[in-house]
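Hi,

Here is the structure I promised to pass on. Have a look at it first, then read my notes below.

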Amino acid sequence: MHRGLSANVLDSGQDGLPILARVEDCQTCFVCELYCQADAIYVAPDCDRHVAVTAEEVVASGRLGQYRKHSGWDEWSDRYPNEQWLMETVFRRAGEAAAQVRAEPPGIIGRK
Amino acid sequence: MYRILDQTWRTLPTLARHYKFGADDEGRVNYRAVRGPEYMRALRQQVLSHGVTILDHSPVLELLARSDGSIGGARGQRRQDGGRAYRIEAGAVVLAAGGTSFLSHLLGSWTNTGNGYLMAPEAGAEMSGVEFTAAYTIAPAHSTMTRSMAYAFATYYDADGHELDLPFGPDQTIGLARALQRGPVYCSLHLLPDDIKARLHTISPNVPLVFDRWGIDPYRDRFEVTLHNDGTIRGIGGVRVHDVDGTTSVPGLFVAGDNASREKVAGAISGGGNVNSAWALSSGVFAGRTAACLSRGVKRSKSRLRPLGRVGREPRSGAQTVDLAALRDGVRAEMHPFDKNLFRTRQGLAASIRVLEGLWAELADHADTGTIASRETAALLATARWSVATAATRNESRGLHRREDFPSQDSGFATRLLSGGLDKVWVAADGPSANAETGQLEAAS
Ligand SMILES: Cc1cc2nc3c(=O)[nH]c(=O)nc-3n(C[C@H](O)[C@H](O)[C@H](O)COP(=O)(O)OP(=O)(O)OC[C@H]3O[C@@H](n4cnc5c(N)ncnc54)[C@H](O)[C@@H]3O)c2cc1C
Ligand code: SF4
């Protein structure tokens, strides 16, 4: 059934279309958006306060399907490569930058 | 540690049929980094391709024991099939039900209520290292997005707009927590190098979602941040293992991943960033292999299997309606605040012990439904009680465990602390250490 899902938010409605049965159980993990090839799901990022959005607002925002696209799933696989491997480089560069700041306290920078 | 890393390196490439490993800018395939949703999808496909049956949305509620106490199966409910009960008989059981963040808003951890931490001790296994739960991860306030990479280049400000001195490094979380105790903290990511900004959505596609949907430009605007507790997920602690193959003190019961204590490979520090997932993968491979070998030799038990679940099913006194949501909120209120779980003190821990004992009594005395919710609540409460009792026993600071009243490390505590007990919590030292007295330590409750 809704295999991407971890919490038990959606049920199968008539014709097999998913219905939002227990939205209060949503843990804001965004995974359902990845698995929905119809790009028909929008997860608001707010986890500790209730937000109301209308279908019109969501469609107008252009955000539907954004996560699936940037993740390079399905038809996007050639255009959006998974670059997770860059993560270790980012941490390394941050470590190097921090070490450099420590080695050169602000007052000394620029002195020969 | 060597065995864990070695097994991880052997196993990851076998996923290549289902996971598209990235090639770096020089064209070298990188097996070190896997992204969550794609990795989960690949593991699932791998398992299905071996002909394994997966029961989705079917939480196990309790283990089943043979007459000799060894574990011979499990029983649970099919959540998307009207709660229909199911029962599985098996030669051995591997518990891999994850850790717990005590229901913080840590990304993806809402179903991690520590169910395996309840079921293994009900069968007679011990817990180990559950005091090391004081790991926290940054996220934009009101979001679950605990992905820390971009924050390696973050600049922080207090409510008056003054920049805070919080350099990137191991002590950053502590400094951030102290700042958050004083008031709201704001963040800007303007120092993130431009080449990374341009690729953030293909490195971590979920990170920009939050900003985009709120109309925040994280490279120009200052946005409010918070810290979410990682519990045992990026912390340590779990069911005590006798070997990296997940052998527990109970015959027929194995544990793997976050369900198992990771102290053997991570020590007292967070295994976040790499050790955790290497441990999840390798301990699963080892536990599965050992459990399968054992199963081959097990004869089908003729006697009936005995269900081991008790708490939340069999009230000690009269059954009454129990407000489970209030009990869960009670756990969060003891396990998340910085002044209770991060900056620990004897008095604070003693107060938490009293509160948690009260909540436990309410559940154990009166809950009789045996539902998923009551078992999850029991698991959260049990884990919190063991964690706090062990933290109160470890009168020193070490790794993730920080005692304000004992700020330095004490070689007398260079030992793992075991814990357990449902009705009455106990804490004990595991084996000999440099100059500690072994055996039963003063139990904290
Ligand atoms: C935001 C985040 C980022 C992380 N980043 C990293 C990283 O970069 N590097 C790293 O090494 N580690 C990282 N970790 C840690 C890593 O994700 C975990 O160590 C790892 O997922 C543990 O795997 P597991 O299979 O043991 O548990 P889980 O992945 O938690 O799986 C446990 C499963 O058991 C299920 N379950 C629970 N109860 C029951 C029950 N009663 N019956 C049946 N099923 C049940 C749960 O629903 C869940 O699907 C991160 C964790 C988080 C939260
Ligand atoms: S975000 Fe989607 S997949 Fe995640 S819990 Fe909510 S409904 Fe389920």
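Predicted model: local features only at pLDDT ≥ 70, side-chain atom pairs only at ≥ 80, totals over all residues.

A polar contact here is a pair of N or O atoms within 3.5 Å; within protein, one must be able to donate a hydrogen and the other to accept it, and residues adjacent in sequence count only if both atoms are side-chain atoms. By that rule, seven residue pairs are in polar contact across the interface of domain 1 and domain 2 of chain B, both residues being at pLDDT 80 or more.

Residues are numbered from 1 along each chain as its sequence is written, chains are lettered from A and ligands numbered from 1 in the order written, and side-chain values use heavy atoms, leaving out hydrogens and water.

Chain B is assigned domain 1 (2-133 + 232-307), domain 2 (136-228) and domain 3 (324-438), with bounds from an automatic or database domain assignment. The centres of domains 1 and 2 of chain B, taken over C-alpha atoms, lie 32 Å apart. Seven residues of domain 1 of chain B contact eleven of domain 2 of chain B (heavy atoms within 4.5 Å).

There is one salt bridge between these two domains, meaning a side-chain nitrogen of Lys or Arg within 4 Å of a carboxyl oxygen of Asp or Glu. B:Arg199 and B:Asp25 meet in a salt bridge at 3.2 Å, N to O.

Elsewhere, the side chain of B:Asp158 reaches the backbone nitrogen of B:Asp160 at 2.9 Å.

Cheers
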